[in-house]
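Student: I am new to this structure and would like to learn how to read its features. Could you take me through them slowly?

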Amino acid sequence: MEKLIHPDVHFAFPVVKKGTTARADTTSDDFLKEWRVFLLNNPYGGISEWLIAMDANATQPNINVKECNEIIRKLNMMSFESEKKVLILWLPEYLGQEGNRLLKLIEEPTENTYIFFVAENQDAILQTVLSRCQLTRVPPFEPFEIADAISSKFDLTKDEIDQIVTLSNGNMNAAIGLAKNEMTDYSNIMIEWLRTNYKSDFVEISKAVNTIASLSKDNLIQFFEFGLHFLRQILMIKFYDKDQIEQIPTKDLETIKKMSAIVDVEKAAILTDIFNEAIDGVNRNMNMKILLFADSLRISDILRKK
């Protein structure tokens, strides 16, 4: 089991076409070698990392008809070593309408058979499948758990770890991804950008825009995601959520307290829309200097309005 090769534990997961095999004939069995390496290297990996592991480029993965038929066949066979048989199906969101083929098996599994669906987005699962399952919600990791895990694996400063904890928002896979990449101090850049926007100093705004626009695409997305967390922290201060306030890095606390006097709930909602639109703009490869300068003018207007 430590090597993920137990004959009575079966895996099913989204895949793409492999080599010369037709897509309709490709199943999880064709990618078992890659799957074991992927899972053993990072048990918190998501679909993006799995696509890279499969060398799938931009292809959309799914769980097809043949996979469903294979699941039924495997679970109807006798067990080999154990009294029990286990199926772990990762991301049932990718089943689509094919999931209806598994309804009878889910509702009336063979004796000593256990089926686990490991999902990220419950709303994307077929309702006919979902209604036959017992739901168990796995909570996000606590900040101290992420901090401990990251500090034990990576040589980072306390400020860098604090920022990873903030950006990852309880997602261990996101935290590992941030730790592997060179950390950028989004806190200082965000605070300086908002400060120059509030002052409406166009020369300083232009400098800040150039600094932000020079970030890589991934770092730009992380920067705006940090902005969303920053707004959340401002509202935490405003409404005195003591437990959450204690998690705010000390170096940011004073600035966030000052910003909370300027940013009310309505302004925070508008700024949230701006940051989300900016993330969408990065994904659509918009000209970042134009986008950022336009956003700076909007933010300046919002912050200075009473």
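Tutor: Let us begin with Val 118, which counts as partly exposed because its relative accessibility is 40%, where buried means under 20% relative accessible area, exposed over 50% and partly exposed in between (1.4 Å probe, protein chains only). This is a predicted model, in which local features need pLDDT of at least 70 and side-chain atom pairs count only at pLDDT 80 or more, while totals for chains, interfaces and linings use all residues. Residues are numbered from 1 along each chain as its sequence is written, and side-chain values use heavy atoms, leaving out hydrogens and water.

Student: How many salt bridges does a search of the whole structure find?

Tutor: A salt bridge is a side-chain nitrogen of Lys or Arg within 4 Å of a carboxyl oxygen of Asp or Glu, and the search of the whole structure finds 13. In one of them the side chains of Arg 298 and Glu 277 meet at 3.2 Å, N to O. Arg 298 lies in helix α15 and Glu 277 in helix α14, so this pair ties together parts that are 21 residues apart in sequence; helices here are DSSP runs (H or I, at least four residues), numbered from the N terminus.

Student: How exposed are Arg 298 and Glu 277?

Tutor: Arg 298 is partly exposed at 36% relative accessibility, and Glu 277 is partly exposed at 43%. Salt bridges that share partners join Glu 277, Asp 295 and Arg 298 into one network.

Student: Which residue forms a salt bridge with Asp 301?

Tutor: The partner is Lys 305, with the closest N and O atoms 3.5 Å apart, and Asp 301 is partly exposed, at a relative accessible area of 42%.

Key: Helix = DSSP H or I, 4+ residues; strand = E, 2+ residues; numbered from the N terminus.
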